[in-house]
Amino acid sequence: MARRTYQDIILALEQYWADYGCALMTPYHTEVAAGTMNPATLLRSLGPKPWQTGYLEPVIRPLDGRYGENPMRFQHYFQYQVLLKPTPDNVLELYLDSLRAMGLETEKHDIRFVEDDWEQPTVGAWGLGWEVWADGMEITQFTYFQQVAGMELDLIPAEITYGLDRLAMVIQEKPTVFDLEWAPGITWGDVFKENERQWSHYNFEDADVDMLMRHFEDYEREARHLIERDLPLPAYDMILKANHAFNLLDARGAISVTERAAYIGRVRNLVREVGKLYLEQQQEAGEHAAAAV
Amino acid sequence: MSMPRLLFEIGCEELPAAACMEAGLQLPELAREHLGAQTLELFIGPRRLAFPVDVPERTADEWIKGPPENLREKAAAGFAKKHGVTVDDLTLRDGSLGIEVAGRPIAEVLPERLAAIVKGLQFGKSMDWGAGFRFARPVRWLCAKLEDQTIEVALEHVPSGGFSYGHRQTHPGPVEIPNAYGYLDALRAVGVEPDRAVRYQQICEGLDALGSWGDPLDKLDEVVYLVERPRVQEGSFDERFLRLPERVIVQTMQSHQRYFPLGANRFAFVANGGDPAVVRAGNEFVLRGRLEDAEFTFERDVAVGIEELAKRLESITYLKGAGSFADKAQRLVDTVRKLGGDEQAVEAARLAKADQASELVREFSELEGHIGATYAKLAGQPEEVTRAIDEQYLPDSAGAPIPATVAGRILAAADKLDHLVTAFDLGHAPTGSRDPYALRRAAIGLNRLALEGDVAVQRDQLGAAQDFVEDRLEGLLDVPVEFVRAARTSTVPDLGGVARLAQSLHAAEHTPEFEAVHTAYERAHRLAGKAEAEAAPRLDDTLLEEGAERELAQALQGAQIDGLGAAAQLAPHVNRYFDEVLVMADDDKLRANRLRLLLDVRDALGRLGDFSLIPR
């Protein structure tokens with residue numbers, strides 16, 4: 001078959017995981033620094049309800065921008081995120097099959113599972129797993145969550161985070177991300193290179209520090225208010241917005257090393273409270289459902 | 001009777017190398033405990049932990065002890081019932097009732113015992129995946145063969161049978177293990193080398209075939225557990241990257257990619273499968289990407305230049321409460337001067353921390369110092385300066401060398417001295433095993449620089465950290481702690497001098513000089529030390545009546561106590577004094593003066609340390 005475009009690769013993954021039985025979600029509507037932060041992964045990992053999902057996530061990491069000058073570093077790039085809860089026994093075979101479904105000829109490549117213990121202190125989460133290599137290139141982060149929002153988990157989910165840009169480079173055999181074919185006749189660079197340049201300027205030089213400081217405080221306060229009102233879902237969105245403000249401040253160099261830990265601690269505490277509340281509501285809903293039967 | 005052979009394999013998702021090593025250490029003991037037998041070999045790899053073992057055909061007969069015989073009426077019935085026998089079946093041994101339990105065929109107990117081995121493995125990091133027990137990574141199958149019989153291991157959630165699985169890419173399906181002897185052959189036929197030692201040898205041979213190879217970060221022991229079928233391949237990168245600091249290239253290859261440098265722009269890597277040409281191209285591509293990333297950062301730093309980087313230190317906090325890195329650099333300049341550094345050492349101190357403002361150190365924090373040295377060199381600094389900058393963090397571990405250059409030693413000592421004094425002033429002294437500022441390492445390094453590197457670190461420069469730093473000498477020096485403690489009480493002003501004094505006292509322990517000085521000190525100290533309150537504030541020559549007194553006072557006045565030899569010359573005068581002079585005279589003034597003379601003797605000898613701390 002003809003070489004797959006970037007969008008073909010995305011479509012193949014969507015189809016593969018839909019066929020498996022995942023509920024396909026969409027990218028989240030506010031900035032997240034990782035597919036993990038999407039509530040479809042973070043909150044749904046909690047509690048005793050099985051949940052299987054797959055979705056594309058554009059991740060926004062202001063600090064990683066390089067003005068479109070570095071072929072491997074971007075402040076905006078794509079992950080495909082899969083969460084399987086509980087973990088099926090053949091999860092690694094499923095994953096390898098998904099690579100083949102994307103057009104990666106696994107028998108030609110050296111596919112390896114290299115120990116990588118994952119930790120995201122901002123959301124109080126950690127897990128054990130691997131970075132998956134194809135010929136030495138990290139193409140996927142695979143994690144068995146052990147804790148999320150600071151809490152133990154009823155069912156252990158497997159999180160598969162595909163680094164789509166790198167996978168596409170292997171599949172399309174392109175030397176840089178800019179050269180990737182997004183759609184027939186259109187490259188990744190055509191679509192996003194200027195975007196990288198402008199956003200890097202904004203992130204590093206022009207973002208209004210005072211405004212972002214206020215935003216952080218405002219969203220944090222709003223999150224607290226919503227937690228008090230027993231509304232964990234909108235509260236979680238406020239946390240994401242506060243966190244994005246923090247990431248921008250970080251890129252602006254406005255946060256010292258010591259302050260950094262304090263900001264992360266503030267976000268983590270909020271995520272923990274939201275997680276706890278979310279879980280309580282899940283349990284109550286479960287009890288109501290059981291009573292109705 | 002020959003014992004039946006058992007082969008047991010625990011099939012896993014890819015285990016970390018550290019977990020493989022942990023399992024390799026524990027399996028022999030677990031086999032002894034649960035199977036009563038020695039493992040014959042161990043086959044340890046990323047996807048399987050396996051071993052053959054010769055087991056007894058039956059478990060040993062057992063006698064289960066029950067109630068004492070005199071409780072036969074009361075307790076025997078219950079005991080018998082619990083074990084499914086009648087009271088008449090109970091036998092008597094050493095005054096107690098009990099039951100004989102005949103041994104069972106080993107096949108009957110293996111399901112439980114093999115499960116106990118799996119559950120008995122303990123890992124530094126283990127995980128839950130929903131199977132009801134923890135392991136380093138999920139266990140996905142178990143294979144147990146007793147001769148040609150398949151044993152079903154009694155472990156819930158894990159399938160067990162007479163099958164293993166081949167190489168993930170080439171033979172992903174199940175492979176039958178025909179019997180306990182056919183394991184290696186069966187797996188080698190499906191692309192797996194289960195024996196770590198064989199894989200190790202294959203890798204070494206492959207590397208040797210490519211020429212001389214390096215492994216400065218010790219990756220080989222890890223790589224052997226990352227592959228089931230090693231294939232050593234060569235790769236290369238564009239020579240333009242050789243402009244990067246060599247250690248940046250090595251770090252990129254080894255720490256991130258586990259490659260082995262072959263010198264110049266060549267490297268070796270160990271693949272586990274795939275088409276060799278595709279795999280080589282891919283690995284070269286990845287390395288190029290990483291080197292480009294480093295190059296991009298490097299060129300940006302170089303464009304900024306080390307002088308400008310040094311200026312940017314003003315905005316980087318060193319330790320909260322201790323100013324910026326620019327303040328730290330200024331303190332280093334002052335300290336290097338105090339330690340006797342020349343102008344080049346001072347220049348190195350001025351630029352020592354500049355790389356903390358560089359982007360490359362943010363990516364390669366292990367290479368701080370080295371990166372600064374590279375930038376200083378590019379700015380035209382002489383080698384004496386750049387080498388000192390490069391060596392400033394040495395020694396960074398117990399076995400590490402100290403800097404090779406004098407300027408490097410002085411700068412390294414200044415850095416550690418400043419770190420210790422600053423941290424102690426801020427109240428960051430280590431508590432228990434918590435030492436977040438790595439002050440122990442700094443203190444040991446400082447002692448080594450003073451002792452091995454001849455840096456004249458004055459003890460009064462150590463401030464609040466003095467005791468902590470000198471405490472480290474006790475573990476560092478190969479002499480009994482009493483000698484170190486004695487030397488610490490001496491008046492020797494510098495750290496290296498204290499260490500050398502402790503060593504020389506210990507070396508002289510069995511000489512007549514040491515004996516004489518020790519005795520003289522002890523006698524003076526025992527008598528006069530207790531009566532210190534009665535002693536005169538200073539010696540009055542006019543009160544010296546006896547010849548022995550005058551002789552001792554005279555000897556003391558002319559003495560230069562700079563070593564055991566000089567001290568030992570005082571000893572005969574002290575002895576004569578004790579023999580001929582009544583110290584505790586009835587006359588208050590005489591007594592006070594004689595005590596004062598003894599105290600002066602003790603303090604003079606005590607310049608070499610408090611000898612009373614050294615037991616005889």
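Biologist: Which residues of helix H2 (residues 72-82) of chain B are buried?

Modeller: In this predicted model, B:Ala76, B:Phe79 and B:Ala80 are buried in H2(B). Buried stands for under 20% relative accessible area.

Biologist: Why are they said to lie on the same side of H2(B)?

Modeller: Because the arc they cover around the axis is only 95°, they fall on the same side of H2(B).

Biologist: Which residues on the other side of H2(B) are exposed?

Modeller: B:Lys74, B:Lys81 and B:Lys82 are exposed there; the term requires over 50% relative accessible area.

Biologist: What covers the buried residues of H2(B)?

Modeller: The cover includes two strands of chain B, S4 (62-68) and S6 (96-101). Just after the helix, B:Gly84 has a positive phi of about 75°.

Biologist: What are the bounds of domain 2 in the domain assignment of chain B?

Modeller: The assignment gives 62-101 for domain 2, and 5-58 + 106-188 for domain 1. Taken over C-alpha atoms, the centres of these two domains of chain B are separated by 38 Å.

Biologist: Turning to chain A, how do you know whether its radius of gyration agrees with that of a compact globule?

Modeller: For 293 residues the compact globule would have a radius of gyration near 19 Å; chain A has 20 Å, so the value agrees. The C-alpha trace of chain A spans about 55 × 55 × 30 Å along its principal axes.

Biologist: How many of the residues of chain A count as buried?

Modeller: 56% of the 293 residues do. Of the contacts in chain A with a separation of 6 or more, 66% are between residues 24 or more positions apart.

Definitions and conventions: Residues are numbered from 1 along each chain as its sequence is written. Chains are lettered from A and ligands numbered from 1 in the order in which they are written. This is a predicted model: local features need pLDDT of at least 70, side-chain atom pairs count only at pLDDT 80 or more; totals for chains, interfaces and linings use all residues. Side-chain values use heavy atoms; hydrogens and water are left out. Buried means under 20% relative accessible area, exposed over 50%, partly exposed in between (1.4 Å probe, protein chains only). Helices (H or I, at least four residues) and strands (E, at least two) are DSSP runs, numbered from the N terminus. The arc is that of the directions from the helix axis to the C-beta atoms. Contact means heavy atoms within 4.5 Å. Domain bounds come from an automatic or database domain assignment. The radius of gyration is taken over C-alpha atoms; the globule rule is 2.2 Å times the number of residues to the power 0.38.
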